[in-house]
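Dear colleague,

I am passing on the structure we talked about, and below it you will find my notes on what turned up when I went through it. Please read them with the structure open beside you.

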Amino acid sequence: MKQLLSQNVKYIFFGGKGGVGKTVIAAATALYLAENMGKRTLLASFNPVHSLTSVFGQDLSGGVVKQISGVKNLWALEVQYDDIVEKYKTRITNLLKEMLKMAEVSVDIQPLIDIATTNPAFHEAAAFDKMMDVVLKEGENYDRIVFDMAAVANAIRLIGLSKLYGAWLQRTIKMRIETLTLKEQLSFRKEKIKEQIEKDPVLMELQDLYNRYVKVRSILTNPDLTRFIFVTIPTMLSISVVQRFIEMVRAYEIPYGGVVVNMVIPPEEAERDATGFLKSKYEEQQRNLELIRKAFSPNILAVVKQFPEDIVGLERLRTLATLLVS
Ligand SMILES: Nc1ncnc2c1ncn2[C@@H]1O[C@H](COP(=O)(O)OP(=O)(O)OP(=O)(O)O)[C@@H](O)[C@H]1O
Ligand SMILES: [Mg+2]
């Protein structure tokens, strides 16, 4: 882990199955970068259910970047899903209205808007749009951005979108140009229409989206700038989730950074437990750790023990960070 952090990788993503420790490990990593390496660091949570506030024991909600008190160089952002979905909806609605204006037929636009904005992919599209924002805009303000992603399914779709999104935009832009060209051909006032095409707000917005997308994609697929790290615990289910996830990330050309193994029972604790309960759990974990070594070596970045209590507050995060980089 230490080696990865000392490279100039700017965007670090954490993914994995639900509840394996993505948030605390992302938080500890960000804390280490800020405190021990002096990097201006932003910790961004893209989880609809936020936990940065409870992990740090300070109010980090509200969907805006907030400085973490008690730590130099560290800021946090809990992305507010309701907010970004609402904003994205307004933008898409305006775009649709503008597109239909050109058709010069009066239709009830509401059902079209409903179809476009209530489908399940819409939330992911809105989240992806926000992620592009964070990468491009906040990328200028920070040395490092650490992303705490929601559980697997959501993150996969987010990544998948980055490829689909580009294809969709290209098609939409092409369609728009065809519509405008057709209008030009049918019109007697070709000059005026030409001017309209040049100033077409829909085309401008689509082009702007596409340019942003191309920029972000070039960042997210560059291994010098971006790494996707997976957190797993020593259970079969978590391991197979990560294996699947790694394949997908590779298919989307997102640089894979390695695996952090979390919640490993220390042998001395297993020995101390007279009931044998922990011992049996420990042995099961050891068998799964063997599978982890086979599956992920040499890309295991760190192995972190199970703490006797939840990881909340700066002190415990600092302890976790030390384990991560040792
Ligand atoms: N090594 C550890 N030892 C003890 N407790 C841990 C450890 N790692 C994580 N935890 C605790 O486990 C719980 C889940 O951790 P966390 O919230 O970081 O997981 P997550 O993967 O982000 O979950 P979600 O998928 O819900 O976002 C938290 O209460 C956290 O404090
Ligand atoms: Mg989490």
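Helix H10, which covers residues 236–251, and helix H12, which covers residues 277–296, have axes that come within 10 Å and cross at roughly 10°, and H10 and H12 are therefore roughly parallel to each other. On the H10 side the contact is made by Met 236, Ile 239 and Gln 243, while H12 contributes Asn 288, Leu 291, Ile 292 and Ala 295. Sorted by class, the residues of this contact of H10 with H12 are five nonpolar and two polar, with no charged residue. Please keep in mind here and throughout that this is a predicted model.

Ser 297 and Pro 298 are joined by a cis peptide bond, with omega at about 0°, and Pro 298 belongs to the loop that runs between H12 and strand E8 (300–305).

For orientation, the protein as a whole has 13 helices and eight strands, and its C-alpha atoms fill a box of roughly 90 × 40 × 35 Å when this is taken along the principal axes. Of the 326 residues in the protein, 33% are buried. Among the contacts with a separation of 6 or more, 75% are between residues 24 or more positions apart.

Helix H9 (residues 201–220) has 20 residues and reaches 28 Å from its first C-alpha to its last, close to the 28 Å expected at 1.5 Å a residue. Its buried residues are Val 202, Leu 206, Leu 209, Tyr 213, Val 216 and Leu 220, and because they cover an arc of only 95° around the axis, they are on the same side of H9. The other side of H9 carries exposed residues, namely Met 204, Asp 208, Asn 211, Val 214 and Ser 218.

Helix H6 has 17 residues, which at 1.5 Å a residue should span 24 Å, and the 24 Å between its end C-alpha atoms agrees with that. The buried residues in H6 include the run from Ala 125 through Ala 126, Ala 127, Phe 128, Asp 129, Lys 130 and Met 131 to Met 132, and also Val 134 and Val 135.

As for how the two meet, the axes of H6 (residues 121–137) and H9 come within 10 Å and cross at roughly 70°, and that makes H6 roughly perpendicular to H9. Met 132, Val 135 and Leu 136 of H6 make the contact with Arg 212, Tyr 213, Lys 215, Val 216 and Ile 219 of H9. By class, this contact of H6 with H9 has six nonpolar residues and two charged ones, with no polar residue.

From H2 the contact draws on Val 24, Ile 25, Ala 27, Ala 28, Thr 29, Leu 31 and Tyr 32, and from H13 on Leu 317, Arg 318, Leu 320, Ala 321, Leu 324 and Val 325. The contact of H2 with H13 has 11 nonpolar residues, one polar and one charged.

Leaving aside its neighbours within four places in sequence, Val 71 is in contact with Leu 31, Ala 34, Glu 35 and Leu 314. Val 71 and Leu 31 are 40 residues apart in sequence, yet their C-alpha atoms are 7.8 Å apart in space. With 18 other C-beta atoms within 10 Å, Val 71 is partly exposed.

Finally, which residues have a positive phi although they are not glycines? One of them is Asn 73, with a phi of about 70°, placed in the loop between strand E3 (66–67) and strand E4 (74–78); Asn 73 counts as buried because it has 20 C-beta neighbours inside 10 Å. Another is Met 263, with a phi of about 65°, which lies in strand E7 (residues 256–264) and, with 19 C-beta neighbours inside 10 Å, counts as partly exposed.

Technical notes: Residues numbered from 1 in each chain as written. Chains lettered and ligands numbered in written order. Predicted model: local features only at pLDDT ≥ 70, side-chain atom pairs only at ≥ 80, totals over all residues. Helix = DSSP H or I, 4+ residues; strand = E, 2+ residues; numbered from the N terminus. Expected span 1.5 Å × (residues − 1). Buried ≥ 20, exposed ≤ 12 C-beta atoms within 10 Å, placed from the backbone. Arc of directions from axis to C-beta. Axes fitted to C-alpha atoms, helices over the stretch in contact; angles between N-to-C directions. Parallel < 35°, antiparallel > 145°, perpendicular 65-115°, else oblique. Contact = placed C-beta atoms within 7 Å. Nonpolar A, V, L, I, M, F, W, Y, C, P; charged D, E, K, R; others polar.
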